[in-house]
Amino acid sequence: MMNKKKLVKQTIFCVIIATILFSGCAKETDVTLKFIGETTERPFQNDHVRITDLEGNKTFVGLTNTNGEVKFDSVPIGKYKMTFICHPNQTIQGDAGYAQTREFDVWGFVLSKTFKVQHQNSSHTNRSVIIYTLFESNNLNINDADVRLTNLSTQSEFSQRTTFGSAVFIEVPTGNYRLTISHPSITTFERDINVNTNFLGEYRLQ
């Protein structure tokens, strides 16, 4: 009779082989992401979540539900960048929080992942700003674009370069700003924006 230790080892080996084979055959899977407060663990509801593969070829966008979850169906396997922004002005919300980005892998099995979001005190005067940039002609991400926010009152400036089409600012004082986006492949874009709540803007540029 096979001893228990040997049986356990063989069982584990079979499970590993089955997982590898399944992962190799599956080309896409379902992804569920959950967002809760870092300290409160309350769910973030009705907030934007976007995942983009690191080559910028595939993008999924959704809103969190009442449990703080967003589900993306049939996501191709690969490496992804996740961008999340909380909207404190939403009528349904779990908490106020900062925007954040994370990278994660999608393999050939169902993925469920929880992210903890840093709490933003209601009296805090800074906000999160995410700017998405896409080419108008083909809807692809614009990478390494220069994104600048200039406060119209103080002239203080914040600058970032886009990665996978997005620039994320997490400590922007409330106020009115001039948004400027420049890149060798586009006409320089300018627009005035108001940052009194967390701001999410997507721009298709020529």
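Predicted model: local features only at pLDDT ≥ 70, side-chain atom pairs only at ≥ 80, totals over all residues.

**Entry 1: a term before I start.** I take strands to be DSSP runs of E, at least two residues in length, numbered from the N terminus.

**Entry 2: the overall picture.** I counted the elements of the protein chain and got 1 helix and 14 strands. Of its 206 residues, 43% are buried. Next I looked at contacts between residues at least 6 apart in sequence, and 60% of these join residues at least 24 apart. The chain exposes about 11,500 Å², with carbon and sulfur atoms supplying 51% of that.

**Entry 3: S74 and its backbone.** I looked up its phi and found a value near 55°, which is positive in a residue other than glycine.

**Entry 4: N46, another positive phi.** N46 has a phi of about 60°, although it is not a glycine. I found N46 in the loop between β1 and β2. Its relative accessible area is 24%, so N46 is partly exposed.

**Entry 5: P76, also in β4.** Strand β4 covers residues 69–76, and P76 is found in it. Is P76 buried, partly exposed or exposed? Its relative accessibility is 27%, so I put it down as partly exposed. Leaving out residues up to four places away in sequence, P76 touches K27, E28, K58, F60 and V106. I also checked P76 against V31: they are 45 residues apart in sequence, and their C-alpha atoms are 9.9 Å apart.

**Entry 6: T29 in β1.** T29 lies in β1, which runs over residues 28–37. T29 counts as buried because its relative accessibility is 8%. Which residues does T29 touch, beyond those up to four places away in sequence? I listed F72, D73, S74, V75, V106, W107, F109 and V110. As for F109, it is 80 residues from T29 in sequence, yet the C-alpha atoms are 5.9 Å apart.

Entry 7: The largest nonpolar core has 20 residues, and I131, L179, I181 and Y203 touch the most other members. Strands β8, β9, β11, β12, β13 and β14 each supply at least two residues of this core. There is a second, separate core of 19 residues, which includes V31, F35, Y80 and L111.

Not counting residues up to four places away in sequence, its contacts include I131, A145, V147, I186, F189, Y203 and L205. T133, D146, T187 and T188 are also among the residues I181 touches.

Entry 8: How many cavities of 30 Å³ or more does a search of the whole structure find? I got 1. The largest cavity has a volume of about 30 Å³. Its lining consists of R50, T52, K81, T83, Y132, F164 and S166, which divide into 2 nonpolar, 3 polar and 2 charged residues. Strands β2 (48–53) and β5 (78–85) each supply at least two residues of the lining.

Conventions. Residues numbered from 1 in each chain as written. Heavy atoms only, no water. Helix = DSSP H or I, 4+ residues; strand = E, 2+ residues; numbered from the N terminus. Buried < 20%, exposed > 50% of the residue type's maximum accessible area, 1.4 Å probe, protein only. Contact = heavy atoms within 4.5 Å. Areas by Shrake-Rupley, 256 points an atom, 1.4 Å probe, with all protein chains shown as cover. 1 Å grid on protein atoms, 1.4 Å probe; cavity = no way out; pocket = protein on both sides within 12 Å on 5 of 7 lines; lining within 4 Å. Points joined across faces, edges and corners; volume = space filled by probe spheres on them. Nonpolar A, V, L, I, M, F, W, Y, C, P; charged D, E, K, R; others polar. Core = buried A, V, L, I, M, F, W, Y, C linked by side-chain atoms within 4.5 Å.
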